[in-house]
Amino acid sequence: MLTDKDIVFIPGLDPEILFEAKFLRDCLPLFYWLRRQLASGTTICSVCTGAFLLAEAGILRQRECTTHWDYLERFSQQFPEARLLGNRLFVRDGTIYTSAGVTSGIDLALHMIEDLIGARVAADIARDLVVYLRRSSDAPQLSVFLRYRNHLDENIHTA
């Protein structure tokens with residue numbers, strides 16, 4: 001049994017696997033284990049579509065959460081009892097954290113390191129990882145570098 005000092009990260013999975021009935025049946029022991037860990041105070045985090053596994057485990061009922069922008073509609077239809085927040089990089093609800101995608105999972109990890117150890121350590125790790133910009137939880141699910149790249153005029157992009 002894990003304790004309140006432990007952190008579990010659930011990765012995102014390929015949708016072809018994630019939405020298969022047999023795979024979800026095979027995950028029943030994992031779901032039970034996750035509920036037990038949550039009850040013991042363990043921090044549980046999901047990255048990207050990993051939020052689907054947390055919801056399948058029943059631990060996102062009446063909790064705020066997020067997932068990858070491309071799966072928001074499916075998630076809200078499949079798990080209406082979760083309080084899904086769109087266009088957020090990561091969301092904390094008690095000891096449960098969910099993040100929007102792989103790179104926002106890095107943002108989440110850096111945020112947690114900052115909370116646990118300090119801003120200096122988080123900044124050093126971000127530099128080591130070559131993460132250009134640490135983003136906060138309420139930043140939109142859009143790269144700052146892509147925000148204005150939808151213009152059709154190549155001269156604008158060059159400038």
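Author: Strand 2 (residues 43–46) and strand 6 (residues 96–99) run parallel and are joined by 3 bridges. This is a predicted model.

Reader: What is the bridge partner of Ile44 in strand 6?

Author: Ile44 has Ile96 as its bridge partner there.

Reader: And the sheet around them, in what order do the strands come?

Author: The order is 1-2-6-5, in an open sheet of 4 strands with mixed pairing. Strand 1 (7–10) and strand 5 are the edge strands, and each of them pairs on one side only.

Reader: By how many degrees are neighbouring strands turned against each other?

Author: On average by 15°, with direction ignored.

Reader: Which strands does helix 6 lie across?

Author: Helix 6 (residues 102–116) lies across strand 1, strand 2, strand 5 and strand 6. Relative to strand 6, helix 6 runs at about 145°.

Reader: Switching to packing. How many residues are in the largest nonpolar core, and which have the most contacts inside it?

Author: That core has 23 residues, and Leu34, Leu54, Leu60 and Phe75 are those with the most contacts inside it. At least two of its residues come from each of strand 1, helix 3 (28–39) and helix 4. Helix 4 gives the most, with 5 residues.

Reader: Pick Leu54. What is it in contact with, leaving aside neighbours within four places in sequence?

Author: Leu54 then touches Ile10, Leu34, Ile44, Cys45, Ser46, Ile59, Leu60, Ile96, Tyr97 and Thr98.

Reader: What other core lies apart from the largest one?

Author: Another core, of 6 residues, lies apart from it; Cys45, Tyr97, Leu108 and Met112 are among its members. As background, nonpolar side chains tend to be buried together in soluble globular proteins.

Reader: Now charges. How many salt bridges does the structure hold?

Author: There are 5. One of them links Asp26 and Lys22, with the closest N and O atoms 2.7 Å apart.

Reader: How are Asp26 and Lys22 placed in helix 2?

Author: They sit 4 residues apart in helix 2 (residues 21–26), so about one helical turn separates them. Asp26 is partly exposed, because its relative accessibility is 49% and exposed requires over 50%.

Reader: Which residue does Arg127 form a salt bridge with?

Author: Arg127 pairs with Asp124, and their closest N and O atoms are 3.3 Å apart. These two are 3 residues apart in helix 7 (residues 119–128), again about one helical turn.

Reader: Arg127, buried or exposed?

Author: Arg127 is exposed, with a relative accessible area of 56%. Asp124 counts as partly exposed, at 23% relative accessibility.

Reader: Where do Arg63 and Asp93 lie, if they meet in a salt bridge?

Author: The N to O distance for Arg63 and Asp93 is 3.5 Å. Arg63 lies in the loop between helix 4 (50–56) and strand 3 (64–65), while Asp93 lies in strand 5 (residues 90–93), so the pair ties together parts 30 residues apart in sequence.

Reader: What about Asp93, buried or exposed?

Author: Asp93 is buried, with a relative accessible area of 17%. Its partner Arg63 is partly exposed at 23% relative accessibility.

Reader: Which residues do salt bridges with shared partners join into one network?

Author: Arg63, Arg83 and Asp93 are joined that way.

Notes: Residues are numbered from 1 along each chain as its sequence is written. This is a predicted model: local features need pLDDT of at least 70, side-chain atom pairs count only at pLDDT 80 or more; totals for chains, interfaces and linings use all residues. Side-chain values use heavy atoms; hydrogens and water are left out. A salt bridge is a side-chain nitrogen of Lys or Arg within 4 Å of a carboxyl oxygen of Asp or Glu. Buried means under 20% relative accessible area, exposed over 50%, partly exposed in between (1.4 Å probe, protein chains only). Two strands pair if DSSP finds at least two bridges between them. Axes are lines fitted to C-alpha atoms, for helices over the stretch in contact, and angles run from 0 to 180 degrees between N-to-C directions. Contact means heavy atoms within 4.5 Å. A nonpolar core is a set of buried Ala, Val, Leu, Ile, Met, Phe, Trp, Tyr and Cys residues joined through side-chain atoms within 4.5 Å.
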